[in-house]
Amino acid sequence: MAKGRKQDWWDDENQEEIIYVSKSEIKRDAEALKQLGDKLINLTPANLAKIPMDDNLLEAVELAQRLQREARRRQLQYIGKLLRTMDTDPIQEALDKVENKHQQQQAMLHKIERQRDDLIAQGDVGLNALLEDYPTLDRQRLRTLIRAAKKEVEQKKLGKAYRDIFVLLKEVMLEA
């Protein structure tokens with residue numbers, strides 16, 4: 001520096017863009033990562049294997065699944081800390097796919113239940129419409145089950161035929 005001349009640290013050339021992040025925003029981000037970690041902890045081992053994560057995180061999640069109460073809470077804090085140091089987008093995307101698949105399966109099971117109830121209510125008309133969509137169904141067996149289920153409904157007790165229709169529909173509709 002030249003004598004008698006002060007360097008201005010705040011001139012436009014040397015000033016970098018400073019991004020201020022509030023303490024509340026940092027806390028919200030940390031809480032979101034803890035919630036992501038909690039979702040990971042609650043996954044089944046089969047679904048956990050579908051999530052892309054490094055070995056340290058996988059080990060921490062598996063340990064947290066075995067822990068209870070306060071130890072689990074501390075482990076969850078640690079998982080949140082690990083997640084802060086990595087890109088969580090691939091983990092979140094894989095988790096969304098796993099959760100969405102579960103929701104799709106639930107929706108399909110509800111659709112099968114509605115189809116079963118429609119078959120019992122409509123009889124042969126509903127059966128013919130269903131056979132157009134699913135020709136591999138066993139018409140005779142399904143017809144027998146529908147008659148038995150109608151008798152069960154009349155007696156106000158849902159039994160074996162009612163469940164067997166669901167199982168038969170589930171086998172065929174989930175294959176398609």
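Trainee: How far apart are the closest N and O atoms of Arg116 and Asp117?

Mentor: This is a predicted model, and the distance is computed from its atoms. A salt bridge needs a side-chain nitrogen of Lys or Arg within 4 Å of a carboxyl oxygen of Asp or Glu. Arg116 and Asp117 form one, and their closest N and O atoms are 3.6 Å apart.

Trainee: Is Arg116 buried or exposed?

Mentor: The cut-off for buried is under 20% relative accessible area. Arg116 has a relative accessible area of 9%, so Arg116 is buried.

Trainee: Which residue forms a salt bridge with Arg73?

Mentor: Side chains of opposite charge can pair when their charged atoms come close. For Arg73, the closest N and O atoms of the pair are 2.5 Å apart. The partner of Arg73 is Glu70.

Trainee: What is the relative accessible area of Glu70?

Mentor: Partly exposed covers the range between buried, under 20%, and exposed, over 50%. Arg73 falls there with 42%. Glu70 is partly exposed as well, and its relative accessible area is 39%.

Trainee: How many residues apart in sequence are Arg143 and Asp124?

Mentor: Arg143 and Asp124 form a salt bridge, with the closest N and O atoms 2.9 Å apart. Arg143 belongs to helix 7 and Asp124 to helix 6, so the pair ties together parts whose separation in sequence is 19 residues.

Trainee: Is Arg143 buried or partly exposed?

Mentor: Buried would require under 20% relative accessible area. Asp124, at 37%, counts as partly exposed. Arg143 has 27%, so Arg143 is partly exposed.

Trainee: At roughly what angle do the axes of helix 6 and helix 7 cross?

Mentor: Helix 6 covers residues 124-133 and helix 7 covers residues 139-154. Their axes come within 11 Å. The crossing is right-handed, and its angle is roughly 145°.

Trainee: How many nonpolar residues does the contact of helix 6 with helix 7 have?

Mentor: From helix 6, the residues in contact are Asp124, Leu127, Asn128, Leu130 and Leu131. They meet Arg139, Leu142, Arg143 and Ile146 in helix 7. By class, one residue is polar and three are charged, and the nonpolar residues number five.

Trainee: How many salt bridges does the count come to?

Mentor: The pairs discussed include Arg73 with Glu70 and Arg116 with Asp117. Arg143 with Asp124 is another one. With the 4 Å cut-off, the count comes to five salt bridges.

Note on methods
Residues are numbered from 1 along each chain as its sequence is written. This is a predicted model: local features need pLDDT of at least 70, side-chain atom pairs count only at pLDDT 80 or more; totals for chains, interfaces and linings use all residues. Side-chain values use heavy atoms; hydrogens and water are left out. Axes are lines fitted to C-alpha atoms, for helices over the stretch in contact, and angles run from 0 to 180 degrees between N-to-C directions. Helices (H or I, at least four residues) and strands (E, at least two) are DSSP runs, numbered from the N terminus. A crossing is left-handed if the near helix is turned anticlockwise from the far one by less than a right angle, and right-handed if clockwise. Contact means heavy atoms within 4.5 Å. Ala, Val, Leu, Ile, Met, Phe, Trp, Tyr, Cys and Pro count as nonpolar, Asp, Glu, Lys and Arg as charged, and the others, Gly among them, as polar. Buried means under 20% relative accessible area, exposed over 50%, partly exposed in between (1.4 Å probe, protein chains only).
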